[in-house]
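Me: I would like to go through the terms used for this structure. Please set each value against its definition.

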Amino acid sequence: MNDIERRPDEARAAPATASPQRWLVLTAFAIIYVVWGSTYLAILFAIETLPPFLMASARFLVAGAALYLFARVLGGAAAPTRVEWRSTAIVGVLLLTFGNGLVVWAELRVASGVAALILGVEPCCMVLLDWLRPHGTRPGAQIVVGLGLGLVGLFVLIGPDALMGGGRADFIGVAAVVLASLAWAAGSIYSRHARMPRSPVLATGMEMLAACVGLAVLALLHGETAHLGDTRVSLLSVAGWLYLIVFGSIVAFTAYVWLLRVSTPARVSTYAYVNPVVAVLLGFALAGEPLTLRMIVAAAVIVSGVALITLAPRPAESAS
């Protein structure tokens, strides 16, 4: 079967036209907001004694294989075509090899405040790329204001001390986070219009398997296999790795892939604003970290920006 052929019963994987049940959409948003807000800490634990690229590669190998087998054996999904493998491989490399893998590696060099602020521009990147693509969607004024409020709120949340101080930021680390943000935005937009499997679970598993290969290549280039036998892995790193597999990958990423099909890029990308707020609240509730007035104000500004974006009318695609 060549690249332009498709199964007779298969429709092009465009965003769903039928509106899903509201509670499913809200549940999926809650998952990516809360779970991905907690993965910052899990990543930090995991890379304490595990090489970053190898850790991420093994994470997506396990999660991707589990999702693929589940979709094919228990979910009854049809065997993917070569076109679908190509599309999911592109998405997997953009989202997970570069979008996620570079962030994991950058946490060794970049202060968390700097990384969080840079990743906060991701919604802007997604809206801009979605506008610039052929027949793109021009953002309305309400979405633009919401994006601006989100950035302001992130700056207030992180604080000038963390941005100007911290001491761990360097050019290479910052560049890696910027590239990760652009790659994630590009992969997200591409996945909405590429030929993908009908099953979001199958698509997610295929993307993770492709990312596993890409991350393994980066691990080889980074020299992480040279001293692998000398690595003493802590129980905390293993726990962080397992959490990333089950919740960060299988649960949250599947929800994200599904949301990209049924919602707009601007709405889905609001997780980048909410995740730092969730991280702060979890630190206060579970780790006894302080909750200051500045954090409360920042959270209110961010939530206001997210509300403007999510309540904005869904724009129509441009005809040209």
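This is a predicted model: local features need pLDDT of at least 70, side-chain atom pairs count only at pLDDT 80 or more; totals for chains, interfaces and linings use all residues.

Reply: Residues are numbered from 1 along each chain as its sequence is written, and side-chain values use heavy atoms, with hydrogens and water left out.

Me: How many helices and strands does the chain have?
Reply: The chain has 13 helices and zero strands. Helices are DSSP runs of H or I with at least four residues, strands runs of E with at least two, numbered from the N terminus.

Me: Why is the pair of W184 and Y271 called tilted?
Reply: By this rule there are 12 aromatic pairs in the count. In the pair of W184 and Y271, the centres are 6.4 Å apart and the planes form an angle of 55 degrees. Rings of Phe, Tyr and Trp (its six-membered ring) pair if their centres lie within 6.5 Å; planes under 30 degrees apart count as stacked, over 60 as edge-to-face and the rest as tilted. The pair is therefore tilted.

Me: What makes this a link between distant parts of the chain?
Reply: W184 lies in helix α8 (residues 171-193) and Y271 in helix α12 (residues 271-287), 87 residues apart. Ring pairs also join W184 and Y271 with W36, F253 and Y256 in a cluster.

Me: Are W184 and Y271 buried or exposed?
Reply: Both W184 and Y271 are buried. Buried means under 20% relative accessible area, exposed over 50%, partly exposed in between (1.4 Å probe, protein chains only). Of the 320 residues in the chain, 48% are buried.
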